[in-house]
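Try each task before you read its solution.

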Amino acid sequence: MSEQIKVVSRSRSRGEQKQEWSFRKEDVRDSGSALIDAYRNEAWKIFNNLEMPDRTNEAWRRTDIRGLAVNRFSLPAQGAFTHLEQPPQRLLESVTGESHGGQVLLYAGGAETRLDETVKAQGVIFCDLLTAEREYPDLLGKAMGKVIGAGEGKFAALSGSLAQMGVFLYVPKNVVVENPLHSLLWGPGIDLAYVSHIVVYLEEGASVTYVHEAASPTYETGQTLHSGLFEVHVGRGANLRLVELQSWGEHVWNFSHERVEVEADANLDWIFGAVGSRLTKNFSDLNLIGRGATGKMSGFFFTDHEQHLDHDTQQNHMAPHTTSDLLFKGALLGHSRSVWQGMIYVSPDATKTDGYQANRNLVLSPNARADSIPGLEIKTDDVRCTHGATVGQIDPEPVFYLMSRGISKRDAERLIVEGFFDPIMQRIPFEGVRQRFQTAIQDKMQSYGI
């Protein structure tokens, strides 16, 4: 991709003051691979040279992270998971059918991997990051840091340099993986930093469904940090269905940079679901770099209490005849706040482009707040691009109508909220994933008497 994408929302922060992190150079792991070690050492230099982002930066203007206790975090020791709370069984079960084609479980200082022999025989690699460093260093080294540069932000550099956990998924040319693959990052404990790096690479004509979950218990006091990179390459004519579920505990500060690049005639179906964390700042980019590439982004979030979720999305059309379609929907309770900033960018070469973007918000409590900021930057003619955003409350008229039919006010409001999310639910391909989302919706509403 020869053209440099220029986006105002990615401007660098000067920072109000330099904060002292607890991490040191010896925390940068030596993998033994020249490519990987060079990348990580450069990321460490960048991390130390960049100031903490603050609200003078346009991308961070609505998200204040001064309360993050950066000097208290430490990386989990090897085997730390044996002394920490274990994940509930429901998180280990398949949400995509009867079974997974493979599963990677990421714990504090450890990992477990299972991959069906039939999938392995196809040449598919699906393993945790440390295993990939040992057994596939050349493949991993060529893919790592190529979709997302460590210089794209303080937390991108942190993740690039210090990642101790992650996933490497590689699907060879023309290989179709029939059963979905699943990974879980489980992050219990206080004052721990879970630093992750997920790398997905599909060769030409490959096809796979990948579900990734990040979750933890909730603790009443203290903080836990997650900083992650999620970089994905979808080769020419390949197909990727990517599902992400985020249910961090409400003491977790969550920062992530995610980007998928889609080559010619390839297709991406990307589904987000976020119901957890104390604070989330997420950058999610879709780069359509080949002629005829298509990408769909479907997002769901539900906040309550003091939660703050900030999602910054990009749909970058870099080639002609490309199509993107984004729909994000969120509901808010308590004193929570959501921020969505979206941009459709169309390069001078991307004629015959279709780009669609919509964000809908339902505010269910008087003290909750939703900010929705759509944007377009179009540098060519002969395109179709639309965007829209709404922030509203439950309309009393349908509530009254349902009550007139003998339905209680509580059940009427619940039906309206479920109907609000139905367009997103229809985009989710798996009943298990829909049930996970619907249970989260019901639990939050029930706690507020809805």
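## Exercise 1: The nonpolar cores

Find the largest nonpolar core of this predicted model and the residues with the most contacts inside it.

*Solution.* Step one: the largest nonpolar core has 46 residues. Step two: Leu 169, Val 171, Tyr 210, Leu 242 and Val 262 are those with the most contacts inside it. Step three: take Val 171 and set aside its neighbours within four places in sequence; what remains in contact is Val 124, Val 177, Tyr 201, Leu 202, Glu 203, Ala 206 and Val 208. Step four: look for a further core. There is a second, separate one of 45 residues, and Ala 132, Met 144, Phe 155 and Leu 162 are among them.

## Exercise 2: Two helices that cross

Work out how helix α1 and helix α6 cross, and which residues meet there.

*Solution.* Step one: locate the helices, α1 at residues 34-49 and α6 at residues 154-162. Step two: their axes come within 7 Å and cross at roughly 145°. Step three: the crossing is left-handed. Step four: on the α1 side, find Tyr 39, Arg 40, Ala 43, Trp 44, Ile 46 and Phe 47; they meet Lys 154, Ala 157, Leu 158, Gly 160, Ser 161 and Leu 162 of α6. Step five: sorted by class, this contact has eight nonpolar, two polar and two charged residues.

## Exercise 3: Leu 286

Is Leu 286 buried or exposed? Which residues does Leu 286 touch?

*Solution.* Step one: Leu 286 sits in strand β12, residues 279-288. Step two: its relative accessible area is 1%; buried means under 20%, so Leu 286 is buried. Step three: not counting residues up to four places away in sequence, Leu 286 touches Val 260, Val 262, Leu 268, Gly 295, Met 297, Gln 314, Gln 315, Asn 316 and Ser 324.

## Exercise 4: His 317

Where is His 317 placed, and which side chain does a polar contact of 2.8 Å join to that of His 317?

*Solution.* Step one: His 317 belongs to strand β14, residues 308-317. Step two: with a relative accessible area of 0%, His 317 is buried. Step three: leaving aside neighbours within four places in sequence, His 317 has contacts that include Leu 288, Thr 322, Ser 324, Tyr 345 and Asp 354. Step four: the polar contact of 2.8 Å joins the side chains of His 317 and Ser 324. Ser 324 is also one of the residues touched by Leu 286.

How values were computed:
Residues are numbered from 1 along each chain as its sequence is written. This is a predicted model: local features need pLDDT of at least 70, side-chain atom pairs count only at pLDDT 80 or more; totals for chains, interfaces and linings use all residues. Side-chain values use heavy atoms; hydrogens and water are left out. Axes are lines fitted to C-alpha atoms, for helices over the stretch in contact, and angles run from 0 to 180 degrees between N-to-C directions. Helices (H or I, at least four residues) and strands (E, at least two) are DSSP runs, numbered from the N terminus. A crossing is left-handed if the near helix is turned anticlockwise from the far one by less than a right angle, and right-handed if clockwise. Contact means heavy atoms within 4.5 Å. Ala, Val, Leu, Ile, Met, Phe, Trp, Tyr, Cys and Pro count as nonpolar, Asp, Glu, Lys and Arg as charged, and the others, Gly among them, as polar. A nonpolar core is a set of buried Ala, Val, Leu, Ile, Met, Phe, Trp, Tyr and Cys residues joined through side-chain atoms within 4.5 Å. Buried means under 20% relative accessible area, exposed over 50%, partly exposed in between (1.4 Å probe, protein chains only). A polar contact is a pair of N or O atoms within 3.5 Å; within protein, one must be able to donate a hydrogen and the other to accept it, and residues adjacent in sequence count only if both atoms are side-chain atoms.
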